[in-house]
Amino acid sequence: MNGKFPQHFLWGGAVAANQVEGAYQADGKGLSTSDLQPQGIFGAITPRTAGDSGIKDVAIDFYHRYPEDIALFAEMGFKCLRTSIAWTRIFPQGDEETPNEAGLAFYDRLFDEMAKYDIQPLITLSHYEMPYGLVKRYGGWGDRRTIDFFERYARTVFERYKHKVKHWLTFNEINMSLHAPFTGVGLPPESDKSAIYQAIHHQLVASAKAVKACHEIVPEGKIGNMLLGGILYPLSCKPEDLLETQRQNRDWLFFGDVQARGYYPAYMQRFFRENGIEVAITEEDRRTLRETIDFISFSYYMSGCVTADPEQYETARGNILDMVPNPHLASSEWGWQIDPIGLRYLLNVLYDRYQKPLFIVENGLGAKDRVEADGSINDDYRINYLNDHLVQVAEAIDDGVEVMGYTSWGPIDLVSASKAEMSKRYGFIHVDRDDAGNGSLERRRKKSFYWYRDVIHSNGASLKDRR
Ligand code: BG6
């Protein structure tokens, strides 16, 4: 693998505020949509009452333990750490005029800690959560005023952290609102397609406004979008399967098309018309959308297949999407199909389409780990998964794709997004906590910790081509 990764490749890991921080009411933080889903994205939406405790309320207590965790990331040689800012720490209800200083101060401390080790922050403005206050009072992203509240929040954090944070992302997996509207745009799960696409439109406009603000306030910074890279293959070479695959890939590529090109792609007109979807788009919105992102970022865990005869096949659920399983691939314990070559393919698809630098900001294997009697955790399955994906990243770089970096998902065990489980572990670092919230929260290095340290130190030269 020698020499394939560029010299300043941003190696690291990715977490999200609501999955690691805990401290869900500390220092003036308001309730977020994530706080209302203690069982995860696919769990019920429950009103919170005092003393209620979902697992995310403490999560892995990163809010208090971040110095220890950053030191461990530094030990692995991280160049970059992706995390999100919890919007509700800065604007607890979402519509305040002035930010919450205690919330701003927390991220100052966090970024200063990272700077001690030369770890660059990659910051997502909104990762699967928004202030619940905006949902209650305005109906979330369904209301145009949410664009202004988001812009105020984005401008506030750009101003505050402009000397500390140079890489930003707008909305995590922006395409997932189609499948989980409460988490994505603060709409009830049963919302109709017009309502969802209207809210998505508002979010796309807000994303473009954040891009503009970032370009003004952090001129030497870079801001990207973030897509759930759910690449789909036709189940067969039947032309109908191919066409349906193109259609379904456009469901998510649409978001990248708007964010990278600055306008709605032509194919959406027919899609809206044939599905009876009406979206109000003003001339000013169209002008705003022209402010495009600097790079594309995405998550990649699995691929899936598409057939034009779906009733003949059983689908399997990934974290967000339902897909027809690929008969040529094995699956993880959670039924996610493992496809390293799909990552090379996806990198090429995105680069062909946009010719913008790409950043893989999530990839990893959720698995159950066993702590041996001597305290060791021998997670060879995780090492193999990550190794094989990184080998394909190297191939894509060789194909000519410009890849800025790779932040593996959950470098430290965290609460899973879909079902709020601790037992679905992604980390190089084990956290002593179970699904019921028992455990000391003690951190422990797994075998993969040392493996990833070697990968980073050798800039990928230690990877093994196991094909
Ligand atoms: C991505 C999300 O969809 O997948 C993360 O951006 C999430 O927040 C990750 O954790 C893995 O999904 P899960 O459900 O295994 O946590």
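This is a predicted model: local features need pLDDT of at least 70, side-chain atom pairs count only at pLDDT 80 or more; totals for chains, interfaces and linings use all residues.
Where is the place of Gln355, in terms of the helix and the strand on either side? I began my notebook with this residue, and I found Gln355 in the loop between helix H12 (340-354) and strand S11 (358-362).

**Entry on backbone angles**

I looked up the phi of Gln355 and found a positive value of about 50 degrees, although this residue is not a glycine. I wrote that down since most residues other than glycine have a negative phi. Gln355 has a relative accessibility of 55%, and because the cut-off for exposed is over 50%, I count Gln355 as exposed.

I then turned to Tyr128, which also is not a glycine and has a positive phi of about 55 degrees. Tyr128 is found in the loop between strand S3 (120-126) and helix H5 (132-138). Is Tyr128 buried or exposed? Its relative accessibility is 9%, and because buried means under 20%, Tyr128 counts as buried.

**Entry on the whole chain**

I next stepped back to the chain, in which I find 14 helices and 14 strands. Along its principal axes the C-alpha trace spans about 60 × 55 × 45 Å. For 467 residues a compact globule would have a radius of gyration near 23 Å, and the chain has 21 Å, so the value agrees with that expectation.

I noted that buried residues make up 61% of the 467 residues. The chain exposes about 18,000 Å², and carbon and sulfur atoms supply 49% of this area. When I took the contacts between residues at least 6 apart in sequence, 76% of them turned out to join residues at least 24 apart.

**Entry on Gly224**

I placed Gly224 in strand S5 (residues 222-228). With a relative accessible area of 0%, Gly224 is therefore buried. Which residues is Gly224 in contact with, leaving aside its neighbours within four places in sequence? I listed Trp168, Leu169, Thr170, Ile293 and Phe295. For one of these, Leu169, I also looked up the separation: Gly224 and Leu169 are 55 residues apart along the chain, while their C-alpha atoms are separated by 4.8 Å.

**Entry on Met422**

Met422 is found in the loop between strand S12 (403-409) and strand S13 (429-431). Although Met422 is in a loop, this residue is buried, with a relative accessible area of 0%. Not counting residues up to four places away in sequence, Met422 touches Ile55, Ile60, Asp413, Leu414, Val415, Val431, Arg433, Asp434 and Asp435. I also looked up Met422 against Leu178, and these two are 244 residues apart in sequence and 26 Å apart in space, C-alpha to C-alpha.

**Entry on a helix pair**

Two packed helices are described by the angle between their axes and the distance between the axes. I looked up both values for helix H2 (residues 62-76) and helix H14 (residues 447-457), which pack at an angle of about 55 degrees with their axes 8 Å apart. H2 and H14 are therefore oblique to each other.

Which residues in H2 and H14 meet? From H2 I wrote down Leu72, Glu75 and Met76, and these meet Phe449, Tyr452, Arg453, Ile456 and His457 in H14. By class, the contact of H2 with H14 has five nonpolar, one polar and two charged residues.

Definitions and conventions
Residues are numbered from 1 along each chain as its sequence is written. Side-chain values use heavy atoms; hydrogens and water are left out. Axes are lines fitted to C-alpha atoms, for helices over the stretch in contact, and angles run from 0 to 180 degrees between N-to-C directions. Helices (H or I, at least four residues) and strands (E, at least two) are DSSP runs, numbered from the N terminus. Angles under 35 degrees count as roughly parallel, over 145 as roughly antiparallel, 65 to 115 as roughly perpendicular and the rest as oblique. Contact means heavy atoms within 4.5 Å. Ala, Val, Leu, Ile, Met, Phe, Trp, Tyr, Cys and Pro count as nonpolar, Asp, Glu, Lys and Arg as charged, and the others, Gly among them, as polar. The radius of gyration is taken over C-alpha atoms; the globule rule is 2.2 Å times the number of residues to the power 0.38. Buried means under 20% relative accessible area, exposed over 50%, partly exposed in between (1.4 Å probe, protein chains only). Accessible areas come from the Shrake-Rupley method with a 1.4 Å probe; for residues, only the protein chains shown count as cover.
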